[in-house]
Amino acid sequence: MDGLVNLTNNSCSCRKFQLEQLPCKHVVAVCRFLKVNVYSKASRYYTRKTWMDAYSDSIYPVQPHGRWDIPEDVRSQVVLPPMARVMPGRRKKLRIPSHGEGTIRRKCSRCGSGGHNKSTCKNNIPLRNVS
């Protein structure tokens, strides 16, 4: 595989292991090879006990808008949207491709080579022998 795993530092070259604190596919492969429990490499925040402790207290719903107690100084303030300025120049119509998403390689329909199209083709096309 294409990942470099360090189980002592809980790190992988794909950085998914460090960001999510869950074993990525590279860590799972190494743990299976070394016969190490994969679940022991996950953060303690993903354990059942942590989730139960987080939601053990009551969560109270928000009251209807009419029953809110809003101080008068907050109520009197007017909040406006930020000042947005349209940037000069032509707007982009094409979306920006994501990382790892390749571009489509186009080729000339006349000669078959890349870098140009049929209308700008300057390559000589050999004639077919007609017998």
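These are my notes on a few spots I looked up in this structure, which is a predicted model.

**Helix 2, the inside**
I started with helix 2, residues 25-34, and asked which of its residues are buried. I got His26, Val27 and Cys31. Next I looked down the axis of helix 2: the buried residues fall within an arc of 130 degrees, so they line one face of the helix.

What do the buried residues of helix 2 pack against? I found strand 1 (5-6), strand 2 (11-12) and helix 1 (16-20).

**Helix 2, the outside and the end**
I then turned to the other side of helix 2, where Lys25, Arg32 and Phe33 are exposed. I also checked what follows helix 2: Lys35 does, and its phi is positive, near 55 degrees.

**Ser11**
I went on to strand 2, where Ser11 sits. Is Ser11 buried or exposed? Its relative accessibility is 19%, and the cut-off for buried is under 20%, so Ser11 counts as buried. Leaving out residues up to four places away in sequence, I listed its contacts: Ser11 touches Leu4, Val5, Asn6, Phe17 and Gln18.

**Gln63**
Last, I looked up Gln63 and found it in the loop between helix 3 (48-54) and helix 4 (72-76). Gln63 is partly exposed, at a relative accessible area of 41%. I also took its C-alpha to C-alpha distance to Leu4: Gln63 and Leu4 are 51 Å apart in space, and 59 residues apart in sequence.

How values were computed
Residues numbered from 1 in each chain as written. Predicted model: local features only at pLDDT ≥ 70, side-chain atom pairs only at ≥ 80, totals over all residues. Heavy atoms only, no water. Buried < 20%, exposed > 50% of the residue type's maximum accessible area, 1.4 Å probe, protein only. Helix = DSSP H or I, 4+ residues; strand = E, 2+ residues; numbered from the N terminus. Arc of directions from axis to C-beta. Contact = heavy atoms within 4.5 Å.
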